[in-house]
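Visitor: I would like to learn how to read the features of a model like this one. Please take them one at a time.

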Amino acid sequence: VQLQAFGGGLVKAGGSLRLSCAASGRGFGSYGMGWFRQAPGKEREFVATIGWSEGATYGNLVKGRFAISRDNGKNTVYLQMNSLEPEDTAIYYCAAKAWMASVKASEYDYWGQGTQVTVSS
């Protein structure tokens, strides 16, 4: 599975962005998908996951503001980000693993290249 994330950019605080992650290869519908982010000088942080059969899970810092979804027909997972804050500034990565989604980055087998999100105050 190859993943390509895009949709990042510069936005003012309070604004919105939608990230997309396109997957190539077979079996996308059976993969758990996740979004993680990493800010300069910080560890990679869990943002959201969505499984092939279970619902979505969110990190505490984004709950209520971000929404993850997937379109298996398009082999794509999305991250809608609303009410963005300067603290959301980071490189956002999408990831895939077989079957069940996970909040642990170490459990993912495939990673996209990342897309930069910058939120100005």
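Guide: What follows goes through strands, cores, rings and a few loop residues.

Guide: This is a predicted model, in which local features need pLDDT of at least 70 and side-chain atom pairs count only at pLDDT 80 or more, while totals for chains, interfaces and linings use all residues. Residues are numbered from 1 along each chain as its sequence is written, and side-chain values use heavy atoms, with hydrogens and water left out.

Visitor: Which strands form the open sheet, and in what order?

Guide: Strands are DSSP runs of E with at least two residues, and helices are runs of H or I with at least four; both are numbered from the N terminus. Two strands pair if DSSP finds at least two bridges between them. Here four strands form an open sheet in the order β1-β3-β8-β7, with antiparallel pairing. Its edge strands are β1 (2–6) and β7 (66–71), each of which pairs on one side only.

Visitor: How many bridges join β7 to β8?

Guide: Six bridges join these antiparallel strands. Arg-70 stands opposite Val-77 in β8.

Visitor: What are the pairing partners of β9?

Guide: β4 is joined to β9 by eight bridges, and the bridge partner of Tyr-31 in β9 is Ala-98. Three bridges join β9 to β11, where Ala-90 stands opposite Val-117. β9 also pairs with β10 over two bridges, with Ala-96 opposite Tyr-110. The strands run antiparallel in the pairing of β9 with β4, with β11 and with β10.

Visitor: How many residues of β9 are buried?

Guide: Buried means under 20% relative accessible area, exposed means over 50%, and partly exposed is in between, using a 1.4 Å probe and protein chains only. In β9, seven of the nine residues are buried.

Visitor: Which residues touch the most other members of the largest nonpolar core?

Guide: A nonpolar core is a set of buried Ala, Val, Leu, Ile, Met, Phe, Trp, Tyr and Cys residues joined through side-chain atoms within 4.5 Å. The largest one has 28 residues, and those touching the most other members are Met-33, Trp-35, Val-47, Phe-66, Leu-79, Met-81 and Tyr-92. At least two residues of this core come from each of β1, β3 (17–24), β4, β5, β7, β8, β9 and β11 (115–120). Another core, of five residues, lies apart from it and includes Phe-36, Phe-46, Ala-95 and Tyr-108.

Visitor: What is Leu-79 in contact with?

Guide: Contact means heavy atoms within 4.5 Å. Leaving aside neighbours within four places in sequence, the contacts of Leu-79 include Leu-17, Trp-35, Val-47, Phe-66, Ile-68 and Tyr-92.

Visitor: How many aromatic pairs does the structure hold?

Guide: Rings of Phe, Tyr and Trp (its six-membered ring) pair if their centres lie within 6.5 Å; planes under 30 degrees apart count as stacked, over 60 as edge-to-face and the rest as tilted. The structure holds six such pairs. The rings of Phe-36 and Phe-46 have centres 5.9 Å apart and planes at 65°, so this pair is edge-to-face. Phe-36 lies in β4 (residues 31–38) and Phe-46 in β5 (residues 45–50), so the pair ties together parts ten residues apart in sequence. Both residues, Phe-36 and Phe-46, are buried.

Guide: Phe-36 also pairs with Trp-111: the centres are 5.3 Å apart and the planes at 55°, so this pair is tilted. Phe-36 in β4 and Trp-111 in β10 are 75 residues apart, and the pair links distant parts of the chain. Phe-36 has a relative accessible area of 1%, whereas Trp-111 is partly exposed at 29%. Ring pairs link Phe-36, Phe-46, Tyr-93, Tyr-108 and Trp-111 into a cluster.

Visitor: Which charged residue lies over the face of Trp-111?

Guide: A charge sits over a ring if NZ of Lys or CZ of Arg is within 6 Å of the ring centre and within 35 degrees of the ring normal. Arg-44 lies over Trp-111, at 4.7 Å from the ring centre. Arg-70 lies over the face of Phe-28, at 4.7 Å from the ring centre.

Visitor: Where does Ser-83 lie?

Guide: Ser-83 is in the loop between β8 (76–81) and β9 (90–98). Its phi is near 50°, a positive value in a residue other than glycine, and Ser-83 is partly exposed at 42% relative accessibility. Trp-99, in the loop between β9 and β10 (110–111), has a positive phi near 65°.
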